[in-house]
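Q: Hi! Could you walk me through this structure? I'd like the overall picture, then some local details.

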Amino acid sequence: MRTKKLALLGFGNAGQAFSEMLLKKQDDIREKYGYEIIVTAIATNTKGNLIGEDGIDLREVINDVEEYGKFCNKEQLTEMTTIEIAEAADYDVLIEMTPLNIFTGQPAIDHIEAAFKRSKDVITANKGPIAWKFKALEQMAADNGCKFYYETTVMDGTPVFNLAEKTLQLAEVTEVKGILNSTTNFILEELAAGSDYDDIIERGRQMGFVEADPSMDIEGYDAAAKITALLNVLMDADITPDMVDRKGIEDITIEDIKAAENRGNVIKLLCKGARDHDGKIIASVRPEEVPKSDMLASIDSTTSIVSITTDLMKTVSIVEHQPEIEQTAYGVFGDLLRVLSE
């Protein structure tokens, strides 16, 4: 039985859900792929860092976090920092799930570069590196013979990048459009239904998808990072989020929503990217009125959609229906299976 060693950078909700999947499917992985998966390092900002060259007991770790909010195995606790783990720990695959810095992509970029320098494969759930430095990281992976997968970065576990790579071969992507930020979609829908803004935010926090500070979503920064990631991968755009024409929903009023309603429209925060006549990628994030007859108008609550237009296959749309944390975890899990099979 071959062994594949993982280093998990980040152990929040997604990391814990991913670990649950590993535990649940470990027998299936052994049978289908012929690998024993062991986690040899876990690094976090608040729970402590662990090193276990012979393997870390994921069930014990999950239980410790649930009961105590931190790691408790004193024999495996380490003073090594996250970047030191990326640079020196014993692993085959680095899984980057640290919190997003939407303005720089760091320190996730440094973690990934450290892994590639050691010829280690990388899976990232962090959209920052794909939005800020994708082309250079992709080249670095190729130069060092590394696999580099990132399905989770835009629409959780929805197979957007895999779909384009595996099933749209030789089809040139000419436009990408979608509703990619669930928080703003939820807010606009609830405002249209007559709910109070503060109540909407509080309810979203209780449901687990609205951040303590939702400004990155409301002002369009998250959506800008996501459309950048999509364009970088699907259209070789080589752009960064600060190059996106960005406007969030912060100035949308109930009067705007009612006026759109009277015209038979709804307001959605749309992400778009396409080539202009000179071949340059033009990207935008803006609230726009969408006719109720349009498919985009039906994207409700925390549901997301991306439409990919190509020269050969025309337009293909992918909808992710009200995701939970398991979808995010599955994106990472699916990328791991791809590492094992490819």
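**Overall picture and local details**

A: Happy to! Buried residues make up 51% of the 342 residues in the protein chain. Do keep in mind that this is a predicted model.

Q: Good to know. How many helices and strands does the chain have?
A: The protein chain has 13 helices and 12 strands.

Q: And what is the radius of gyration of the protein chain?
A: It is 21 Å, which agrees with a compact globule, because a globule of 342 residues would have a radius of gyration near 20 Å. Along the principal axes, the C-alpha atoms fill a box of roughly 65 × 45 × 35 Å.

Q: What about contacts between residues 24 or more positions apart, what percentage do they account for?
A: They account for 69% of the contacts in the chain with a separation of 6 or more.

Q: Let's talk surface. How much of the accessible surface belongs to carbon and sulfur atoms?
A: Carbon and sulfur atoms hold 45% of an accessible surface of about 15900 Å².

Q: And the charges, how far apart are the mean positions of positive and negative?
A: They are 3 Å apart, with 35 positive and 61 negative charges in the protein chain.

Q: On to rings, then. How many aromatic pairs are there?
A: The count comes to nine aromatic pairs. One of them is Phe 148 with Tyr 150, an edge-to-face pair with 5.2 Å from centre to centre and 70° between the planes.

Q: Which pair is tilted, for contrast?
A: Tyr 330 and Phe 333 form a tilted pair, with centres 6.1 Å apart and an angle of 45° between the planes. Both residues lie in helix α13, which covers residues 325-341, and they are three residues apart, about one turn of the helix.

Q: How exposed is Tyr 330, and how about Phe 333?
A: Tyr 330 is partly exposed, with a relative accessible area of 44%, while Phe 333 is buried at 6%.

Q: Which residues do ring pairs link into a cluster?
A: Phe 116, Phe 134, Phe 148, Tyr 150 and Phe 161 are linked that way.

Q: New topic: backbone. Where is there a cis peptide bond?
A: A cis peptide bond joins Gln 106 and Pro 107, with omega of about 0°. Pro 107 sits in the loop between β4 (93-96) and α4 (108-117).

Q: And what is the phi of Ser 119?
A: Ser 119 has a positive phi of about 60°, although it is not a glycine. You'll find Ser 119 in the loop between α4 and β5 (121-124), and it is partly exposed with a relative accessible area of 43%.

Q: What about Lys 314?
A: Lys 314 also isn't a glycine, and its phi is positive at about 60°. Lys 314 is found in strand β12, residues 314-320. With a relative accessible area of 55%, Lys 314 is exposed.

Q: Can we look at Gly 157? Where is it?
A: Gly 157 is in the loop between α6 (152-155) and α7 (160-167). At 16% relative accessibility, it counts as buried, because the cut-off for buried is under 20%.

Q: What does Gly 157 touch, leaving out residues up to four places away in sequence?
A: Gly 157 touches Glu 320, Gln 327, Thr 328, Tyr 330 and Gly 331. That list includes Tyr 330, a member of the tilted pair.

Q: And Met 155, where is that found?
A: Met 155 is in helix α6, and at 1% relative accessibility it counts as buried. Setting aside residues up to four places away in sequence, it touches Val 160, Leu 180, Ser 304, Ile 305, Val 306, Ile 318 and Glu 320. Glu 320 is touched by Met 155 and by Gly 157.

Q: Last one: where does Met 207 sit?
A: Met 207 is in helix α9, residues 197-207, and it is partly exposed with a relative accessible area of 48%. Its C-alpha atom is separated by 25 Å from that of Val 61, which lies 146 residues apart along the chain.

Conventions
Residues are numbered from 1 along each chain as its sequence is written. This is a predicted model: local features need pLDDT of at least 70, side-chain atom pairs count only at pLDDT 80 or more; totals for chains, interfaces and linings use all residues. Side-chain values use heavy atoms; hydrogens and water are left out. Helices (H or I, at least four residues) and strands (E, at least two) are DSSP runs, numbered from the N terminus. The radius of gyration is taken over C-alpha atoms; the globule rule is 2.2 Å times the number of residues to the power 0.38. Buried means under 20% relative accessible area, exposed over 50%, partly exposed in between (1.4 Å probe, protein chains only). Contact means heavy atoms within 4.5 Å. Accessible areas come from the Shrake-Rupley method with a 1.4 Å probe; for residues, only the protein chains shown count as cover. Lys and Arg count as positive and Asp and Glu as negative; His and the chain ends are not counted. The place of a charge is taken as NZ of Lys, CZ of Arg, CG of Asp or CD of Glu. Rings of Phe, Tyr and Trp (its six-membered ring) pair if their centres lie within 6.5 Å; planes under 30 degrees apart count as stacked, over 60 as edge-to-face and the rest as tilted.
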